[in-house]
Amino acid sequence: QVQLVESGGGLVQAGGSLRLSCAASGRTFSNYVMGWFRQAPGKEREFVGRIGSTGRTYYTYYADSVKGRFTISVDNAKNTVYLQMNSLKPEDTAVYYCAARSDNEYRYWGQGTQVTVSS
């Protein structure tokens, strides 16, 4: 099992940047595919991106809505996954969650961190 804690959310103007962190405890997160999701008020949870390991390298995949603006990375020494968000838009406003996938299911979730982008 793994416990996840997000941080780094806040209020930013459109065009600005934020970096979210997802610190993992318990089993090392390298055993999992790590995903980022978001949920805006009144909307369903939306996939943002994920990062996984082949054992030798990491690979990432992003939703079209954030491709080219968001980047997921890892720091193995800190057991932390990051979501770097650039060129933020008001429609990026949401609660952002990280999650760990095991057996093709995101089983473990953090508590979420609020990101608000003002126009």
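This is a tour of one predicted model, stop by stop, with what to select at each.

Residues are numbered from 1 along each chain as its sequence is written. Local features need pLDDT of at least 70 and side-chain atom pairs count only at pLDDT 80 or more, while totals for chains, interfaces and linings use all residues; side-chain values use heavy atoms, with hydrogens and water left out.

**Stop 1: an open sheet**

Strands here are DSSP runs (E, at least two residues), numbered from the N terminus, as are helices (H or I, at least four). Two strands pair if DSSP finds at least two bridges between them. Strands of a sheet pair through backbone hydrogen bonds, either parallel or antiparallel. The four strands make an open sheet in the order β1-β3-β8-β7, and the pairing is antiparallel. At the edges are β1 (2-7) and β7 (70-75), each of which pairs on one side only. From one strand to the next the twist averages 20°; for such angles, axes are lines fitted to C-alpha atoms (for helices over the stretch in contact), and angles run from 0 to 180 degrees between N-to-C directions.

Now keep β7 and β8 (residues 80-85) in view. Six bridges pair them in the antiparallel sense. Select Asp75 to find Thr80 of β8 opposite.

**Stop 2: the disulfide**

Select Cys22 and Cys98. They form a disulfide (cysteine sulfur atoms within 2.5 Å), with the sulfur atoms 2.0 Å apart. The torsion about their S-S bond is about 65°, so the disulfide is right-handed. Cys22 is in strand β3 (residues 18-26) and Cys98 in strand β9, so the pair links distant parts of the chain, 76 residues apart. Both cysteines are buried; buried means under 20% relative accessible area, exposed over 50%, and partly exposed in between (1.4 Å probe, protein chains only). The structure holds one disulfide.

**Stop 3: a hairpin**

Follow β9 (residues 94-102) to β10 (residues 105-109). The two strands run antiparallel and are joined by four bridges. Select Ala99 and its bridge partner in β10, Trp109. Two residues lie between the strands of this hairpin, where Asp103 takes a positive phi near 55°.

Asp103 also forms a salt bridge with Arg107, with 4.0 Å between the closest N and O atoms. A salt bridge is a side-chain nitrogen of Lys or Arg within 4 Å of a carboxyl oxygen of Asp or Glu. Asp103 is exposed, at 65% relative accessibility, and Arg107 is partly exposed, at 40%.

**Stop 4**

Select Asp92 and Arg69, whose side chains meet in one of them (2.8 Å, N to O). Asp92 lies in the loop between β8 and β9 and Arg69 in the loop between β6 (58-62) and β7, so the pair ties together parts 23 residues apart in sequence. Asp92 is buried at 1% relative accessibility, and Arg69 is buried at 11%.

**Stop 5: Thr113**

Select Thr113, in strand β11 (residues 113-118). Is Thr113 buried or exposed? Its relative accessibility is 11%, so Thr113 counts as buried. A polar atom of its side chain lies 3.1 Å from the backbone nitrogen of Gly9. Beyond its neighbours within four places in sequence, Thr113 has contacts (heavy atoms within 4.5 Å) with residues including Glu6, Leu20 and Tyr96.

Notes:
A polar contact is a pair of N or O atoms within 3.5 Å; within protein, one must be able to donate a hydrogen and the other to accept it, and residues adjacent in sequence count only if both atoms are side-chain atoms.
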